[in-house]
Amino acid sequence: MWWFQQGLSFLPVALVVWSAATFVFSYITAIVLHHVDPLVPYISDTGTIPPERCLFGIMLNVSSFLGMATMYVRYKQVYALNPDKSRIVKLNKIGLTLGLMSCFGLCIIANFQKCILYYIHVVGACLTFGVGAIYMLVQTILSYLMQPEVHSKDIFWIRLTVLLWCGSSIASMFVSSLVLYSGLYGTDLVQKLHWHPQEKGYTAHIVSTASEWSLAFSFLSFFLTYIRDFQKISLRAVVSLHGQTLYNTPQSFATDEQRLLIAGSI
């Protein structure tokens, strides 16, 4: 059995590989068609113009679904390992809520392009990266609370390192974007897809775009740390039939069946 076939480890693997492929394929398509500059464009700019916009949207929607599935499995695993620790249980629920919000933000990014509905796109980005960063923080705290009983200290330090990487990328992107969109370098920069090194604001633009790519891959790196944990868990669905046919059950039959179940449970 291959390592990615153990437990549910294929989920974070699929999430990381598919999301990275989304960025790379959209980037290559946009570069080949000369829709953006080759040197670190905004990720969103590589999904602005058809046909890469279609590819970017549908692949990011799939990434959102994989993200929700991964975060739900993580929630179930943490709960199963710590059912009696109220602090961990509460943080775990908060983490799941934040994770689902972040995935919803990813759907917004996928379906509302930057150059068409800019402010809605920004809301999606804030949910994805801002709320997602808080999700990473919660999971890092959970890792601290569960070590060394549940897992080693190494995984906590790895997640903390990735969290710091994420935080520094957010800070760099925030500051450079403030400088870039302050009005000193023009007022219609949102629609601008091509930059020249001699233009004013080019340095701030490159710092901002490089920070966005760094931020995106810090997220993917964080989910890579789930692979070993997910090798230790499996989920299964239990089928519960409410009758032997799909017809409407007569009231008398339902009553008799309920009595049998109660008697059996006693």
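Visitor: What makes a stretch count as a helix or a strand here?
Guide: Both are DSSP runs, numbered from the N terminus: helices are H or I with at least four residues, strands E with at least two. By that rule the protein has eight helices and zero strands.

Visitor: What should I know about the source?
Guide: This is a predicted model: local features need pLDDT of at least 70, side-chain atom pairs count only at pLDDT 80 or more, and totals for chains, interfaces and linings use all residues. Residues are numbered from 1 along each chain as its sequence is written, and side-chain values use heavy atoms, with hydrogens and water left out.

Visitor: Why is Leu106 called buried?
Guide: Buried means under 20% relative accessible area, exposed over 50%, partly exposed in between (1.4 Å probe, protein chains only). Leu106 has 17%, so it is buried. Across the protein, 45% of the 266 residues count as buried.

Visitor: Where is Leu106, and what does it touch?
Guide: Leu106 lies in helix α3, residues 86-111. Contact means heavy atoms within 4.5 Å. Leaving out residues up to four places away in sequence, Leu106 touches Leu60, Ser63, Ser64 and Thr128.
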